[in-house]
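Please look at the arrangement of strands and helices in the model shown here.

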Amino acid sequence: MADPERITAADVRLMQDLAQRVTAVRPDLVNSDASYGELAWNWGRGHASAGASWRRRLWFSGGEPAAWGWAHLPRRVRLGDGSVREITGAYLAYQVHPDHAALVDEVIDWFDATAGNVERTVLPSAADAFALERWAAHGYGPDAAALGDEGSWTQVNERDLDELERPALPDGFRFRTADEAGPEAAVQAHRDAWAPSPYTAESYRGVRATPPYRADLHVLVEAPDGTMAASTIMWLDEANATAEFEPVGTHPEYRRRGLARAMLLHGMRLARDAGARHMTVACLGAPGHPAARELYYGVGFRKFAWDAPLVKAGTPR
């Protein structure tokens with residue numbers, strides 16, 4: 001019998017619907033991992049390999065999703081170099097529509113019951129004062145490790161697409177779409193940029209099958225020797241005329257050559273041609289991780305919203 005709390009593709013579409021509606025009224029409240037594009041990316045790349053460790057619950061009002069929680073439970077992750085990473089804690093991605101803010105208590109209770117005695121982490125928006133108060137009331141406190149100078153908290157950056165600099169690649173490099181490059185090259189580009197990555201051909205098939213993926217908005221930079229030196233995917237939210245870069249990566253041997261900068265500028269032009277008027281991209285916000293942040297600032301992005309990482313210790317059995 002199927003687990004009624006196992007997340008499905010239909011659930012993700014409902015979660016994306018809520019992300020679009022929150023984006024329309026309070027984009028600063030869209031939690032990390034809860035944006036329209038991030039939901040597509042995380043579901044697409046991971047459901048085949050990690051779906052057994054995922055649980056979800058949705059809350060509705062008037063037939064529309066008003067809140068959801070997506071719990072990532074302890075699991076083993078096999079990386080591209082053959083090693084295995086043990087994840088011993090539970091993480092929650094979630095979203096609550098501001099018109100139904102009180103539902104956050106039900107989300108918290110569900111997560112605590114679902115995760116059990118392990119350490120639990122969550123990333124509310126720093127702008128969501130009510131949610132932060134409720135998480136604290138349930139025993140969650142600031143995650144000191146995530147908030148440190150080398151921490152893992154995330155910031156969201158934004159910019160409008162009205163004026164865009166023309167991209168310039170070094171001689172011999174050229175832009176390719178995912179269809180032009182082919183699936184093997186697209187997968188290898190990601191694995192090279194994020195090594196050791198668990199990303200596989202199966203992951204990529206999942207990404208391609210997840211709305212709103214478009215191969216013409218999946219851009220790579222090909223080096224003169226045929227290596228895919230950089231890649232990114234843009235997720236277009238037509239309802240809000242906005243698009244999101246996720247992920248953005250460059251092969252280690254091709255960094256500091258302006259490839260990512262040119263790719264972002266080229267990508268924003270493509271997104272604008274597809275109907276976007278606004279662009280977002282997330283990156284690590286801690287002082288010890290300046291590279292991506294400076295890259296995005298260099299092409300016109302500015303910090304817009306950020307996480308407030310919280311943790312609750314596991315309880316002895």
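## Basis of the description

This is a predicted model, in which local features need pLDDT of at least 70 and side-chain atom pairs count only at pLDDT 80 or more, while totals for chains, interfaces and linings use all residues. Residues are numbered from 1 along each chain as its sequence is written, and side-chain values use heavy atoms, with hydrogens and water left out.

Helices (H or I, at least four residues) and strands (E, at least two) are DSSP runs numbered from the N terminus, and two strands are taken to pair if DSSP finds at least two bridges between them.

## The seven-stranded sheet

Seven strands form an open sheet of mixed pairing, in the order S9-S10-S11-S12-S13-S8-S14. Strand S9 (174-177) and strand S14 (302-306) stand at its edges with a single partner strand each, so one side of each is left without a neighbour in the sheet. Neighbouring strands of this sheet are turned by 30 degrees against each other on average, direction ignored; axes here are lines fitted to C-alpha atoms, for helices over the stretch in contact, and angles otherwise run from 0 to 180 degrees between N-to-C directions.

## Strand S11 and its partners

Within this sheet, strand S11 (residues 228-237) is largely enclosed by the rest of the structure, because 10 of its 10 residues are buried, where buried means under 20% relative accessible area with a 1.4 Å probe and protein chains only. Strand S10 (residues 218-222) runs antiparallel to S11 and is joined to it by five bridges, with Ser231 of S11 as the bridge partner of Leu220. The two strands form a hairpin with five residues between them, and Gly226 in the turn has a positive phi of about 95 degrees.

S11 also pairs with strand S12 (residues 242-250), in the antiparallel sense and over seven bridges. Met234 stands opposite Phe245 in S12, and Trp235 stands opposite Glu244. The hairpin of S11 and S12 has four residues between the strands, and Ala241 takes a positive phi near 50 degrees.

## The six-stranded sheet

Another open sheet of mixed pairing is formed by six strands in the order S1-S2-S5-S6-S15-S7. Its edges are strand S1 (54-61) and strand S7 (141-142), each with a single partner strand, so one side of each has no neighbour in the sheet. S1 pairs with strand S2 (residues 64-72) in the antiparallel sense over eight bridges, and Glu64 in S2 is the bridge partner of Ser61.

Helix H3 (residues 104-115) lies across S1, S2, strand S5 (90-96), strand S6 (120-122) and strand S15 (310-312), running at about 160 degrees to S5. Helix H4 (residues 129-137) lies across S5, S6 and S15, at about 140 degrees to S5.

## Helix packing

The axes of helix H1 (residues 9-25) and helix H2 (residues 36-50) come within 8 Å and cross at roughly 160 degrees. H1 and H2 are therefore roughly antiparallel to each other, a term used for angles over 145 degrees. Their contact (heavy atoms within 4.5 Å) involves residues including Val12 and Met15 of H1 and Leu39 and Trp43 of H2.

Helix H9 (residues 259-273) and helix H10 (residues 290-298) pack at an angle of about 45 degrees, with their axes 10 Å apart. Ala260, Arg261 and Leu264 in H9 meet Leu295, Tyr296 and Gly298 in H10.

Notes
Buried means under 20% relative accessible area, exposed over 50%, partly exposed in between (1.4 Å probe, protein chains only). Angles under 35 degrees count as roughly parallel, over 145 as roughly antiparallel, 65 to 115 as roughly perpendicular and the rest as oblique.
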